[in-house]
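Subject: Handover of a structure and the findings from it

Dear colleague,

Please find below the structure that I am handing over to you, together with its sequence.

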Amino acid sequence: MTMSDPIADMLTRIRNANTAKHDTVDIPLSKMKVAIADILVDEGYIAKYDIVDAGNFKNIHVTMKYDGEKKDKIITGIKRISKPGLRIYAGKDDIPSVLGGLGVAILSTNKGIITDKQARKEQVGGEVLAFVW
């Protein structure tokens, strides 16, 4: 059975691991998921990720990031915006800001998978994939 929304699956796995305070989570590999993981590492929401060969298929092994000994969550929210049934696009002048700039919007543009700040700087619009805060 094929998955209809693999990006939503990735975000849900990260959200569930964060809620359960797991140290790591495995996600099936794709180029777009690696690009999203790159953004999450650059923005400081996850510690790191590694690509792991698990026999016939490859996984992204994400190491979660927490604050302090009590494991306070770094990611307070993560939400899929554009879905296969309803695509959401933003022009270069309509790029959303998450929590007044405290969060990050992830966009798919002709320049690749980038954050809302990079999209404003490069003056490009695209599909709004997710919000992370």
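How close do the axes of α1 and α2 come, and at roughly what angle do they cross? The two axes come within 10 Å of each other, and the crossing angle is roughly 40°. This value makes α1 oblique to α2. As for handedness, α1 passes α2 in a right-handed crossing. On the α1 side, the contact is made by Pro6, Ile7, Met10 and Ile14. On the α2 side, Met32, Lys33, Ile36, Ala37 and Leu40 take part. Please bear in mind throughout that this is a predicted model.

Two of these residues deserve a further look. Met10 is placed in helix α1. Its relative accessibility is 0%, so Met10 counts as buried. Leaving out residues up to four places away in sequence, Met10 touches Ile27, Lys33, Ile36 and Ala37. As a point of reference for distance, the C-alpha atoms of Met10 and Asn56 are separated by 19 Å, and these residues are 46 apart along the chain. Ile36, for its part, is in contact with Ile7, Met10, Ile106, Ile113 and Leu129, once its neighbours within four places in sequence are set aside.

The nonpolar cores

In soluble globular proteins, nonpolar side chains tend to be buried together. In this model, the largest nonpolar core has 27 residues. Those that touch the most other members are Ile14, Ile36, Leu40, Met64, Ile106 and Val132. At least two residues of this core come from each of α1, β1, α2, β3, β8 and β10. The largest share belongs to α2, which supplies six residues. There is also a second, separate core of eleven residues, and Ala90, Ile95, Leu107 and Ala119 are among them.

Salt bridges

Another salt bridge is formed by Asp23 and Lys71, whose closest N and O atoms are 2.8 Å apart. Here too, distant parts of the chain are linked: Asp23 is in the loop between α1 and β1, Lys71 is in the loop between β4 and β5, and 48 residues separate them. Asp23 counts as partly exposed, with 49% relative accessibility. Lys71 is also partly exposed, at 26%.

A further salt bridge pairs Arg120 with Asp116, and their closest N and O atoms are 3.7 Å apart. Both residues lie in helix α3, four residues apart, which is about one turn of the helix. Arg120 is partly exposed, with a relative accessibility of 33%. Asp116, in contrast, is buried, its relative accessible area being 2%.

Residues in the loops

Most residues other than glycine have a negative phi. Leu99 is not a glycine, yet its phi is positive, at about 50°. This residue is found in the loop between β7 and β8. With a relative accessible area of 53%, Leu99 is exposed, because the cut-off for that class is over 50%. Gln123 likewise has a positive phi, near 55°, in a residue other than glycine. Gln123 lies in the loop between α3 and β10. Its relative accessible area is 46%, so Gln123 is partly exposed.

Finally, where is Gly85 placed? Gly85 sits in the loop between β6 and β7. Gly85 is exposed, with a relative accessible area of 76%. Its C-alpha atom is separated by 30 Å from that of Ile51, a residue 34 places away along the chain.

Yours sincerely,

A colleague

Methods
Residues numbered from 1 in each chain as written. Predicted model: local features only at pLDDT ≥ 70, side-chain atom pairs only at ≥ 80, totals over all residues. Heavy atoms only, no water. Salt bridge = Lys/Arg side-chain N within 4 Å of Asp/Glu carboxyl O. Buried < 20%, exposed > 50% of the residue type's maximum accessible area, 1.4 Å probe, protein only. Core = buried A, V, L, I, M, F, W, Y, C linked by side-chain atoms within 4.5 Å. Contact = heavy atoms within 4.5 Å. Axes fitted to C-alpha atoms, helices over the stretch in contact; angles between N-to-C directions. Parallel < 35°, antiparallel > 145°, perpendicular 65-115°, else oblique. Left-handed = near helix turned anticlockwise from the far one by under 90°.
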